Amino acid sequence: MGYLIGVAMVTFTIVIISEVWKLLVSVFWRPYALTRHFRKQGVLGPPYSLVYGSLHEIKALFKDERERIMDNHSHDITQRIMPHIHKWSTLYGKIFLHWYETQPRICIPDAELAKEILSNKFGFYAKPKSRPLLITMLGRRGLAMVAGPDWVKRRRILNPAFFMDKLKIMISRMAECTISMLDEWQRQAIEAKDKSKTIEINKEFQELTADIIAHTAFGSSFVKGKEVFKAQKELQMLCLASIVNIFIPGSQYLPTKSNIKIWKLDWKIKGTLQHIVESRLNSQSRSGSSDCSYGDDLLGVMMDTWKTNTGPKLKMNEIIDECKTFFFGGHETTSALLTWTIYLLSLHIEWQDKLRQEVLENCGMAIPDADMLSKLKMVNMVLLEALRLYCPTIELHREALEDMKLGNLSIPKGTCLIIPVTMIQRSKEYWGEDANEFNPLRFINGVGKAAKHPNALLAFSMGPRNCIGQNFAMLEAKTVMTLILQRVSWSLSPDYKHAPANHLSLQPQHGLPVVVKSLQF
């Protein structure tokens, strides 16, 4: 017995020494060695601060920018939403090294290098490990988080839900949700003395896209789906507040006030989603048929994997995590795209008029179908320009899983590569001298010919892990904008404060109030 205790003590001591050694290496030696490694290649950056890395300065820069209000007509937003990237690229060059705690990060604002990173088919550039709170919000087993064979399996299962033929069926659901919102806008405008009503558009679009996601993902269980949206929104705010704070491994298990709130929200989300799945199962059981589908919505496609004798199947917890991912990715990005499109068209009334004319010529006052939407070339160009200037995705992150050669750079294993989408999409090198100006005509010949580099628009990423929901998002945005243009006109409220902000996606910090007038009396 004494011998076994001795062996256990020795083993325990070795483990402790090993972990302490790893900690010392990551905190002291590795930052020093990597700084020298990159300096030899001409890559400089702000000095490494013990444990915190560059977090102190990042936090201070963000705090200063949150107090700044921009000119309403300025689209040069990089400094406000990426103040650290803006400052350090000016001081140290476009490609520079900085630190997120002890993690080395290299900024890559180059479209060709971004293409090389994102198009790699061998998995050498993977999504870096996320903080526990972000994992809780998006789902540990969701498509956005898994990698390798698990990602391949998941993508294969989910792809059918996003085929265009499947999405076309959803247009009527999207339109129904939108018309309900617009009816209320028109009622309020008509009842007002001056026949106009100031509406906070960003909040309206967040509720609308959550409503659409709830209907298209969960069908008849959309009411329960919206409960998920509300809880996930609270998680998002908690995640945003912690993103520039140092993370202590294991702290997510402590019963702090914040953690208890996170746990309760997560339990609510999981419980609600499980209830939706079980209700669908019970409904199928009551029908007495084992041959019919669980439904043509996203949930139905995932649940149908349970019926197949061959092919990959999703477990209950995997379905729940996919629903989390789709809910955040689906409503957050599309609501932001719609918000910034309305903002741009409120500044450029002539384009609002052009789009309205195009819509009326091709759709009249009818609810649009897929064929009608495909004819709206100018609407598509404006949406693409809104994605370029005010892309919901601010930056993309990838981690080198092996020592890699990237262009002329030697990238050590474990280095995180930051692709600043906002900078690339307004780079004068790619987009010309009017890169910070609203010019939808740049897309008249398509995305590939809009810039000097065919991959300078990264709104939906690119390569194997491009956004699976991009067709859904664009179809939804076109449907909503068509119905809005048919029914109302709008202008920017004098109360609007131009303050684009990084809220995990690009959002107006103080909302977007616009003055709406009904076109139908």
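This tour goes through a surface patch, a pocket, a cavity and some salt bridges.

The model is predicted: local features need pLDDT of at least 70 and side-chain atom pairs count only at pLDDT 80 or more, while totals for chains, interfaces and linings use all residues. Residues are numbered from 1 along each chain as its sequence is written, and side-chain values use heavy atoms, with hydrogens and water left out.

**Stop 1: a surface patch.** Select F28, W29, Y32, L50, V51 and Y52, which make a nonpolar surface patch of about 610 Å². (Patch residues have over 30% relative accessible area and no salt bridge, and nonpolar side chains, here Val, Leu, Ile, Met, Phe, Trp and Tyr, are joined within 5 Å.) L50 sits in the loop between α1 (2–39) and α2 (55–66). L50 is partly exposed, at 46% relative accessible area (buried is under 20%, exposed over 50%, partly exposed in between, with a 1.4 Å probe and protein chains only).

**Stop 2: the second largest pocket.** Select N380, L384, N471, M474 and K478, which lie nearest the centre of this pocket among its 27 lining residues. Elements that give two or more residues to the lining are α8 (164–169), α16 (370–374), α17 (377–389) and α20 (470–487). The pocket holds about 490 Å³ of space. (On a 1 Å grid over the protein atoms alone, a pocket is an open set of points with protein on both sides within 12 Å along at least five of seven lines; a cavity is a set where a 1.4 Å probe fits but cannot get out; lining residues have an atom within 4 Å of a point.)

**Stop 3: the largest cavity.** Select A161, F162, L167, M170, T216, D297, L298, F326 and F472, which line the largest cavity. Its space is about 40 Å³.

**Stop 4: salt bridges.** How many salt bridges does the structure hold? There are 19 (a side-chain nitrogen of Lys or Arg within 4 Å of a carboxyl oxygen of Asp or Glu). Select E429 and K94, whose side chains meet at 3.3 Å, N to O. E429 is in helix α19 (residues 428–431) and K94 in the loop between α4 (83–92) and β1 (97–100), so this pair ties together parts 335 residues apart in sequence.

Next, select E322 and R154, a salt bridge with its closest N and O atoms 2.9 Å apart. E322 is in helix α14 (residues 316–347) and R154 in helix α7 (residues 148–158). Is E322 buried or exposed? E322 is buried, with a relative accessible area of 4%, and R154 is buried at 1%.

Notes: Patch = residues over 30% accessible without salt bridge, like charges linked within 9 Å, V, L, I, M, F, W, Y side chains within 5 Å. Areas by Shrake-Rupley, 256 points an atom, 1.4 Å probe, with all protein chains shown as cover. Helix = DSSP H or I, 4+ residues; strand = E, 2+ residues; numbered from the N terminus. Points joined across faces, edges and corners; volume = space filled by probe spheres on them.
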